[in-house]
Protein chains: 4
Amino acid sequence: MLNVGLLGAGRIAGVHASAISTNPGSRLVAVSDINADAAAKLAAQYGAEARETDAILQDPAIRAVLIATSTDTHSDLIERAVAAGKAVLCEKPVDLSLSRAQACQKAMAGKPVMIGFNRRFDPNFAALKTALDAGEIGKPELLSITSFDPAPPPVSYIKVSGGLFRDMMIHDFDMANFLMGSAPVLVSAVGSSIVDPAIGTAGDVDTAVVTLTYADGRLAVIKNSRRAVYGYDQRVELLGSEGLLQAQNMLENTVVKSTTAGVTGAKPTYFFLERYMPAYALEWAGFVAALAEGKPLPVTLDDGVAALAMAEAATQSLKSGAPVALG
Amino acid sequence: MLNVGLLGAGRIAGVHASAISTNPGSRLVAVSDINADAAAKLAAQYGAEARETDAILQDPAIRAVLIATSTDTHSDLIERAVAAGKAVLCEKPVDLSLSRAQACQKAMAGKPVMIGFNRRFDPNFAALKTALDAGEIGKPELLSITSFDPAPPPVSYIKVSGGLFRDMMIHDFDMANFLMGSAPVLVSAVGSSIVDPAIGTAGDVDTAVVTLTYADGRLAVIKNSRRAVYGYDQRVELLGSEGLLQAQNMLENTVVKSTTAGVTGAKPTYFFLERYMPAYALEWAGFVAALAEGKPLPVTLDDGVAALAMAEAATQSLKSGAPVALG
Amino acid sequence: MLNVGLLGAGRIAGVHASAISTNPGSRLVAVSDINADAAAKLAAQYGAEARETDAILQDPAIRAVLIATSTDTHSDLIERAVAAGKAVLCEKPVDLSLSRAQACQKAMAGKPVMIGFNRRFDPNFAALKTALDAGEIGKPELLSITSFDPAPPPVSYIKVSGGLFRDMMIHDFDMANFLMGSAPVLVSAVGSSIVDPAIGTAGDVDTAVVTLTYADGRLAVIKNSRRAVYGYDQRVELLGSEGLLQAQNMLENTVVKSTTAGVTGAKPTYFFLERYMPAYALEWAGFVAALAEGKPLPVTLDDGVAALAMAEAATQSLKSGAPVALG
Amino acid sequence: MLNVGLLGAGRIAGVHASAISTNPGSRLVAVSDINADAAAKLAAQYGAEARETDAILQDPAIRAVLIATSTDTHSDLIERAVAAGKAVLCEKPVDLSLSRAQACQKAMAGKPVMIGFNRRFDPNFAALKTALDAGEIGKPELLSITSFDPAPPPVSYIKVSGGLFRDMMIHDFDMANFLMGSAPVLVSAVGSSIVDPAIGTAGDVDTAVVTLTYADGRLAVIKNSRRAVYGYDQRVELLGSEGLLQAQNMLENTVVKSTTAGVTGAKPTYFFLERYMPAYALEWAGFVAALAEGKPLPVTLDDGVAALAMAEAATQSLKSGAPVALG
């Protein structure tokens, strides 16, 4: 049984608390948050204690921590938790600063740190990956990722988000790395603030297309929009030498209505909590199982830094109007 | 080159005229109709002549006739055409009277008479049959046919139609025979005039379900409605020991729209002309090819009588409220 | 907080234990089973106690019991639990004997007894019902229910099951009642043991079609098979005066593979645990919410008896070969 | 009745001959080809005459010509036919040389010359356009075009094709112009010869992604591959402020097979003849109707030059590795 401390008590921490409690191999022992009330409430819900972060890190009975605090604290908390001997699962991104993330990566080399790229555990994307690895479409050649949010966040959020590429497309960069098995050599971005000009005024884009070129000639294209009014649009397709694999959207239900107006089915699930709830549980299960079996963690700090480096490159490409080579 | 006379110049005759003219192995030579103007117009459109029916039957250069006249003339015209040495493709049904149809069947034994069950030639149903015959779902066990018209015909038509089972479900009875490869031993029908009470007043039903039981334990169910406001609903599904085969509807186009209201695609094609146009051409091609190659015609007078016998049994079952054994 | 006792510790009891524990309004206090080890294990998993059934029924702190024992104990346990002042959620069927179920129904009139027709809570069927009640397809006319299991149970199970109509199609009879809003007046069944002759030898069928006729002319057809090798096939479609509603299968994932062999997607979820897990949780939530709000329970003992009466009628119709009128 | 001369008797000319003959408003009078036998055979099939090209152009009874000869003759034949007073429908591209095409455009200003971008007439893309113009998804923001051939052409063809962008993606450039209603300001291409290295040796790519940036911030991305083993993959999707429109592939039939191996449907239609046969007929109907009604031709020489300019820009961008501004 893995005793777990949860750092953070916000919305996503609640999702993790449920996953930790439901998993038969782990137990939620303590929760901390800068908002003491939030920590107390979340802890009570799952029979755990609210504590200070330090108290959690110093408790030898707690063997793992899940970091679900604000992004600017991730690197520090990873390093402190590892220094205290804990295994770590940290929400993405590692850091908004690539150099800080790289420093963390260097310091943590060989330590049990997993980064929360939950989409790798989505049953659909995971099944696509399994089929790909089984050679069902031969050699991959051209990857397409469609990733649209249902509605843009407030401009206040945009301003501290690090920008579309670090905040939103970073998941898609990791998905590309997950599926393609290596990093691209060239990143080229175009984008605009056509959904909301205020996002442009804040220095960001809300709609973007990034093309990735790989050393062996494979190509990938990622499309992001901050607004798809019909719901969370999360699709992947991969053309290979012997076929095409597509992971399509999850729908709210399977009901189809045929009338004089056409044949209408349900919308995609609304947003990431609806779509990726199973993925969060499977992500946690992967963490627990790897620790239990002494195997490598399924997503690493290297993966977190790799995706961040692509976000940085895309940000530069958007500014310069030219492709950017990855180191 | 097969020279062809067309008996009838109504709507369905026009469809056949196009198929005859387009087929590289046949040529439309003459058209007859009780409405001389209609015959003249249709003949002109395809470079043929308008003639009397007798003149067509007596022309030794015409080797085949297509009978697309009113149902009550079918049996007589089949017999006269065959007596004149023609090969015949006659629209379904053979006759509204089972005994008259059986007499025709007996008299025409061994003669080249094909009945126009065009749905056997629909590319979807034909592909399903091919997969079935290839053993792709093992042994068939349970057949379901959904067959809904977009809108009921006028009550005046209902009154002379012979009733839902002879007029509409007869196509589905033939489809069952086509797919199951033998006739059922028991026919059981329920029905009502829930779409339009006037249809009930006219002595018919507009909604019906018929179950068929086969000697070896296989089952089939056919559903008919005179009204599916979203279009012509023509589906077949067949459960077998190793899987399920479904032939789904043809849609007007492949456009899908996702909005806050849901995900909406196109309706099924509107009615039989839209849906079965390719089937009419393929039906004719099957007739021409069989004659050219000296092979058996792909649908026979026996098939026409078998379907009519099932319609008769269903009509009796509906009246008596009990299953009817087939002879 | 509703304290709950669980009677039974088998597979389906485990599903209910999870639903009870996960629901924020209820708590699993005790579990009983004739197999004491099974009760102890299940209780431990959710922090409850293993007790004798009597001890559970006599504990005043326990306000509700969930009955998930073998069918032959249902009626007795319902009556004993109600006598002890408990609210009851009992797995279907009420009893294999219609007269026993009716006696229970009479004795329990006005008491808080809910029957576990979990499919009413399936998000897909529930959404279909919502659309129907909102008038989205006008007036319902023709209902079709497809309900195939992935594989037949052992013949030993068949022998004690009460037969296909009481054991399997009873869910579909309830679905018909749920959607049509009233019981049919006529039930007509055909069936065979084409999947496994040994099932026929045991006096049962494995493949069946039942047609239902309603007083107002509406029709329904239910198809059952004990074997659909591709998975649990659970579909409903309902034709109305203004359209068609369909609830389609849930698939294992959304991945689609296109190769020279065709375009292949995932199979339906394998069986009822995979398909109806959300339905069990929502069923329990409906029970808890009704008790908390003092509202009528969403599925009643009357519903349980109504479905059983249809199963009885279908069993008779199959034997006699004639339609059976419902009381 | 529009009397038509057909220049060219190859495969695509055969498609046009059928469209001309079937259309009730036009008649195929004469066919020419450098291969006299081919011209004779095609003419005979449709009751027309084989003639020299000059004879066709000088025949005052012929009011329109369809140019389906090799690309290098298009500009010259357009100019000669217009000089002879004919209305012209010319296959794409106008010319492999942008400057030659522009010279032709300038010379032909105001003349009745239509370019054969048949995909605009595909019922699916046309329905998408209609929905877009009706405002069904609000303001368009992000267009995606997927356009994969089933198999690469011989390298000998690649060498004279003008390259992927002029030969294959030109259709997609026109589709972008058709849907977006204006030309982009920036074209950025990546590509590789991952399907067949011999295509790379021949100086071309077989897989490419092009991003288009519009002056108002809209974006588009076009993906091309010379090989999709499952068939001709021709899809468009367009994200707008109020929804998403998708035109999906046409499938060979609607049969779906469910087995233990999954749920398998038919492949997309194999190639452009199967997919776009209706589009060719509708393209011709649009030409005939515009002439008959004295309206502007639905696709113009300007459209042909605009697409060619984008192909030229993409070719440059691929070479330079930097985006190219459109004039």
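## Two packed helices in chain B

In this predicted model, the axes of helix α6 (residues 123-133) of chain B and helix α9 (residues 169-180) of chain B come within 10 Å and cross at roughly 30 degrees. Axes here are lines fitted to C-alpha atoms, for helices over the stretch in contact, with angles running from 0 to 180 degrees between N-to-C directions, and helices are DSSP runs (H or I, at least four residues) numbered from the N terminus. Because angles under 35 degrees count as roughly parallel, α6(B) and α9(B) are therefore roughly parallel to each other.

From α6(B), the residues Phe125(B), Leu128(B), Lys129(B) and Leu132(B) meet Met175(B), Phe178(B) and Leu179(B) of α9(B), where contact means heavy atoms within 4.5 Å. Sorted by class, this contact of α6(B) with α9(B) holds six nonpolar, no polar and one charged residues; Leu, Met and Phe are among those that count as nonpolar, and Lys among those that count as charged.

## Domains of chain A

The domain assignment, which is automatic or from a database, divides chain A into domain 1 (2-116) and domain 2 (121-277 + 307-325). Taken over C-alpha atoms, the centres of domain 1 of chain A and domain 2 of chain A are separated by 27 Å.

Twelve residues of domain 1 of chain A are in contact with 14 residues of domain 2 of chain A, and the two domains bury about 970 Å² between them, 76% of it on carbon and sulfur atoms. Buried area is the accessible area (1.4 Å probe) that two parts lose on being put together, summed over both. On the side of domain 1 of chain A, Lys92(A), Leu96(A) and Leu98(A) lose the most area to domain 2 of chain A, together 52% of what that side buries. Between these domains of chain A the count is zero salt bridges, a salt bridge being a side-chain nitrogen of Lys or Arg within 4 Å of a carboxyl oxygen of Asp or Glu.

## Interfaces between chains

Between chain C and chain B the buried area is about 2,900 Å², of which carbon and sulfur atoms give 64%. Six salt bridges are found across the interface of chain C and chain B, including one between the side chains of Lys223(C) and Glu237(B) (3.6 Å, N to O).

For chain D and chain A, the contact takes 40 residues from chain D and 40 residues from chain A. Across the interface of chain D and chain A there are six salt bridges, and in one of them Lys223(D) pairs with Glu237(A), the closest N and O atoms being 3.6 Å apart.

## Conventions

Residues are numbered from 1 along each chain as its sequence is written, and chains are lettered from A and ligands numbered from 1 in the order in which they are written. Local features need pLDDT of at least 70 and side-chain atom pairs count only at pLDDT 80 or more, whereas totals for chains, interfaces and linings use all residues, and side-chain values use heavy atoms, with hydrogens and water left out.

Key
Parallel < 35°, antiparallel > 145°, perpendicular 65-115°, else oblique.
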